Amino acid sequence: MVTITPIHPAFDDWDGLLSLIMSSFASMDGVIDPPSSALRLTPALLKEKALEEIVHLAQDDGQMLGCVFCKPEPPDCLYIGKLAVLPQAQGKGIGRLLVNAAEMEARRRDLPQLRLETRIELTANHSTFASWGFAWSADGAHSGYARTTFIEMRKPLISG
């Protein structure tokens, strides 16, 4: 059974977490431009990132299947980044469970919406996020690019 839990303070499998993220993002290689910032991650950088952000892990019987990093952006949103699910576990609702965990985190912090960015080329991701209640809110370009390289999507959270 898949469980979603905040990363434990004693967590020390940074190599495993990096492997999960790299496996999840591998299908983007050669598809997105510029390349994913995930390619610059190291175990040490992940550990540092986890100290600065909120991390939830999806696990099944101790095996990491997915993760999401969240960062409060007061006053109005919780940013979702590095949403990753192992390729062999995709399509089983794990991403949705991780986004649900982010929603609960936003509500605990009285933040009325979630925000994420996804690459312009990843149209399947756009559709998936839209089916989860996210809507396009802006587009942007990475430094040095004159064309749109990503879109921003937001999901308003209903109180209650």
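A pocket, as the word is used in these legends, is an open set of grid points with protein on both sides within 12 Å along at least five of seven lines, and its lining residues have an atom within 4 Å of a point. The views below show a predicted model.

**View 1. The second largest pocket and its lining residues.** Ile 7, His 8, Pro 9, Phe 11, Trp 14, Lys 47, Ala 50 and Leu 51 line this pocket, which has a volume of about 160 Å³. Helix 2 supplies the largest share of this lining, with 3 residues, and by type the lining divides into 6 nonpolar, 1 polar and 1 charged.

**View 2. The largest pocket, with a space of about 1,200 Å³.** Its lining is made up of 41 residues, and those nearest its centre are Phe 25, Met 28, Lys 82, Leu 83 and Glu 117. Two or more lining residues come from each of helix 1, helix 2, strand 4, helix 3, strand 5 and helix 4 (123-131), and strand 4 gives the largest share, 7 residues. Sorted by type, the lining holds 19 nonpolar, 13 polar and 9 charged residues.

**View 3. The largest nonpolar core, with 45 residues.** Within this core, the residues with the most contacts are Leu 17, Ile 21, Leu 114 and Phe 134. Among the elements that give two or more residues to the core are helix 1 (14-25), helix 3 (94-108) and strand 5 (113-119). In soluble globular proteins, nonpolar side chains tend to be buried together.

**View 4. The surroundings of Leu 114.** When its neighbours within four places in sequence are left aside, Leu 114 is in contact with residues including Leu 78, Ile 80, Val 99, Phe 134 and Met 153, and also with Glu 103, Arg 154 and Lys 155.

Notes
Residues are numbered from 1 along each chain as its sequence is written. This is a predicted model: local features need pLDDT of at least 70, side-chain atom pairs count only at pLDDT 80 or more; totals for chains, interfaces and linings use all residues. Side-chain values use heavy atoms; hydrogens and water are left out. A nonpolar core is a set of buried Ala, Val, Leu, Ile, Met, Phe, Trp, Tyr and Cys residues joined through side-chain atoms within 4.5 Å. Buried means under 20% relative accessible area, exposed over 50%, partly exposed in between (1.4 Å probe, protein chains only). Helices (H or I, at least four residues) and strands (E, at least two) are DSSP runs, numbered from the N terminus. Contact means heavy atoms within 4.5 Å. On a 1 Å grid over the protein atoms alone, a cavity is a set of points where a 1.4 Å probe fits but cannot get out, and a pocket is an open set with protein on both sides within 12 Å along at least five of seven lines; lining residues have an atom within 4 Å of a point. Grid points are joined across faces, edges and corners, and a volume is the space filled by probe spheres set on the points. Ala, Val, Leu, Ile, Met, Phe, Trp, Tyr, Cys and Pro count as nonpolar, Asp, Glu, Lys and Arg as charged, and the others, Gly among them, as polar.
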